[in-house]
Amino acid sequence: MSCPHVAGIAAYVKSFHPDWSPSAIQSALMITAWPLNPTTNPDGVLAYGSGHVDPIKATDPGLVYEALKDDYITMLCSMGYGEHKLRLISRDNSTCPKNMQVYIVYLGSLPKGEFSPMSQHIRVLEDVLEGRIRHIYSF
């Protein structure tokens, strides 16, 4: 039953912020969720996600991550998708940048002591207050 509940809460958040993208709404839901007790679920965050959603807090999260189409294109290219598959997914003439070196690493999956160099990946955060973007951070 979590999917219908979250879909309803996403629609509720969208009613407060009609200009927010789906990724901004998802970010608001995840950032403001109540963390669940990891002692009751040994599989941890990979089993229960961000936690229990809070519809009221999600309407004014303070900060949201924005994922744009170019972010997904970069991710697919870094995963080795060829031009044909990329264009099937994007439904346009998207191409991977030449000489692109992107590594997506989930740090929790690395054994202790093993680490490989990573290239820079820019994340964009939007600082929102009462639905208005106050600052955009790139790092």
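**Labels and the values behind them**

Colleague: Why is Asp-92 called partly exposed?

Modeller: Its relative accessible area is 30%. Buried needs under 20% and exposed needs over 50%, so a residue at 30%, like Asp-92, goes in between as partly exposed. Bear in mind that this is a predicted model.

Colleague: And what makes you say that Asp-92 forms a salt bridge with Lys-69?

Modeller: The closest N and O atoms of Lys-69 and Asp-92 are 2.3 Å apart. The cut-off is 4 Å between a Lys or Arg side-chain nitrogen and an Asp or Glu carboxyl oxygen, so this pair qualifies.

Colleague: Why do you say that the pair links distant parts of the chain?

Modeller: Lys-69 sits in helix H5, while Asp-92 is in the loop between H6 and strand S2, and 23 residues separate them. Lys-69 is partly exposed too, with a relative accessible area of 43%.

Colleague: How many salt bridges does the whole structure have?

Modeller: The search turns up two. Glu-83 and Arg-87 form one of them, with their closest N and O atoms 3.5 Å apart. That is within 4 Å, so Glu-83 and Arg-87 count as well.

Colleague: Where do Glu-83 and Arg-87 lie?

Modeller: Both are in helix H6, four residues apart, or about one turn of the helix. An α-helix has 3.6 residues a turn, so residues three or four places apart point the same way. Glu-83 has 43% relative accessibility and Arg-87 has 30%, so both are partly exposed.

Colleague: Back to H5. Which of its residues are buried?

Modeller: Ile-73, Leu-76 and Cys-77.

Colleague: How do you know that they line one face of the helix?

Modeller: Look down the axis of H5: the buried residues fall within an arc of 100°, so they line one face. They pack against helix H6.

Colleague: What comes after H5?

Modeller: Gly-80, with a positive phi near 95°.

Colleague: And how much of the protein chain counts as buried?

Modeller: Of its 139 residues, 23% do. The chain has six helices and three strands, in the order α-α-α-α-β-α-α-β-β.

Terms used
Residues numbered from 1 in each chain as written. Predicted model: local features only at pLDDT ≥ 70, side-chain atom pairs only at ≥ 80, totals over all residues. Heavy atoms only, no water. Buried < 20%, exposed > 50% of the residue type's maximum accessible area, 1.4 Å probe, protein only. Helix = DSSP H or I, 4+ residues; strand = E, 2+ residues; numbered from the N terminus. Arc of directions from axis to C-beta. Contact = heavy atoms within 4.5 Å.
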